[in-house]
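I opened the model to look up a pocket, a surface patch and a few backbone details. My notes follow the order in which I checked them.

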Amino acid sequence: MTEEVEMDDARKRYEFKKTLEKLESGEGSGTELITLYIPPDKQIYDVTNQLKDEFGQCANIKSKQTRTNVQSAISSILSRLKYYKRPPANGIAVFCGTVQLYGDRTYLQCTIIEPPEPLNLYMYRCSSKFELEPLMQMLEEKYVYGLLVLDKREAYWGFLRGNRIEPMGGANSTVPGKMRKGGQSAARFGRLREIAIDEFYTKIGERASAIYLAEKDFFERFKGVLIGGPSPTKEEFEKGNYLHHEVQKRIIGLFDVAYTNEDGLAELVDAAKDALKGMTVIEEKEFMDRFLKELVKDAGVAAYGEESIRKNLEIGAVDTLLLSASLRKSRLRMKCQSCGYTEEKTVTIPPGKTVRDIPLGNCPKCSAPLVLEEEVDIIDELAKIADQSSAKVELISDDFEEGSILYTAFGGIAAILRYRTGY
Ligand code: ZN
């Protein structure tokens, strides 16, 4: 790409997701698709040595076709790894193998991905499908939540990243039990116990807050903290403002859990499932609510459908472009090679097919066959036009009702306009 448009996180995520989907649909006729994960601290020559070994062992593969395919995949990977002195900052994932296409056609696909998060595993695998799970997990990590479980005796804190719980640390208290020793006055014992509890809560609040605040891009990515424990401990802890004020104001809710050690974190996530579901889509939902409200008002500033949106984008009338992340369409630019006539059209390319399976038709002027000049993903194409008039672009997932409505009822393309246009 020559003119690189700066992509925001949602679009980078979309690109990443699309690449993974493409790889996911790839299938080999035998166990001949190679997945290779190289973490950032791995030496490239160790990897190439293993690949050369694997190449030699291919002699044991009975099927000649599979053997040839595995060997060409390994050669292809080796030639690409030559360009790397060491792995990039987050490591690399390589997917290479002979993939079956629609009909009987096959082709050697080799995709190299520099993942958005560091890879923490080394893997070489040869299978009939690409192994994508480690990258799929990264896709989940859009937001991060703080987790905290506590009672008066122990506490544990950590993070929730996508579906992954990351325990960070814990503390135990020296708060005495409810039973006092003989000879101590009840009032004095009670006071000492209160002081010890307050000290313990203060320690939890400080240590957990420090961990949360140290999270990268805290203000953008840290969506809130979930607190679990028995009643009334967690309620007392919340009321007492023991957390740093930036964390305190991000408390999502209090949840009953039985365990307050590391196991309590998973129990907490389970208890908070519904609350979490609502959080991740809350911003996207606000855009859809605005769109639907405008649509009902019928003031002409809610538009949808590809044709209408294109016209509104052309005249710079779009304030916010809403695109469904489920859109899987391409914009094709075709040209007649004999008379120079050009045409664009939007097509859906079904899984397992490529643009080569799409009939392009003939030139309406001289009836010579049209030739493909360019294929662009429709989200990239529309977002680029939107950028030119400084329209906001929002990718809307279908993880919530209004989001799936965007896809099913409005063709996945809608906009809130700056003014009424009549398109
Ligand atoms: Zn022509």
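Which helices and strands each supply at least two residues of the lining of the second largest pocket? I found α1 (9-25), β2 (92-100), β3 (106-113), β12 (329-336) and β14. Helices (H or I, at least four residues) and strands (E, at least two) are DSSP runs, numbered from the N terminus.

Before going on, I noted that this is a predicted model, in which local features need pLDDT of at least 70 and side-chain atom pairs count only at pLDDT 80 or more, while totals for chains, interfaces and linings use all residues. Residues are numbered from 1 along each chain as its sequence is written, and side-chain values use heavy atoms, with hydrogens and water left out.

**Pocket.** I read a space of about 910 Å³ for the second largest pocket. A pocket here is an open set of points on a 1 Å grid over the protein atoms alone, where a 1.4 Å probe fits, with protein on both sides within 12 Å along at least five of seven lines; lining residues have an atom within 4 Å of a point. The volume is the space filled by probe spheres set on the points, which are joined across faces, edges and corners. The lining has 27 residues, and Lys18, Lys22, Ser25, Ile349 and Lys353 lie nearest the centre. I see the largest share, 6 residues, coming from α1.

**Patch.** Ile315, Tyr419 and Tyr423 make a nonpolar surface patch of about 320 Å². Patch residues have over 30% relative accessible area and no salt bridge, and nonpolar side chains (Val, Leu, Ile, Met, Phe, Trp, Tyr) are joined within 5 Å. A salt bridge is a side-chain nitrogen of Lys or Arg within 4 Å of a carboxyl oxygen of Asp or Glu. Areas come from the Shrake-Rupley method with a 1.4 Å probe. I place Ile315 in the loop between α12 (306-314) and β11 (318-324).

**Backbone.** Most residues other than glycine have a negative phi, and most peptide bonds are trans. I noted a cis peptide bond from Ser231 to Pro232, with omega near 0 degrees. Pro232 sits in the loop between β8 (222-229) and α7 (233-239). Asn241 has a positive phi, near 50 degrees, and lies in the loop between α7 and α8 (245-248). Ser367 also has a positive phi, near 60 degrees, in the loop between β13 (342-348) and β14 (370-377).

**Contact.** I looked up Arg250, in the loop between α8 and β9 (251-256). Arg250 and Val225 are 25 residues apart in sequence and 6.0 Å apart in space, C-alpha to C-alpha.

How values were computed:
Patches are made of residues with over 30% relative accessible area and no salt bridge: like charges are joined within 9 Å, nonpolar side chains (Val, Leu, Ile, Met, Phe, Trp, Tyr) within 5 Å.
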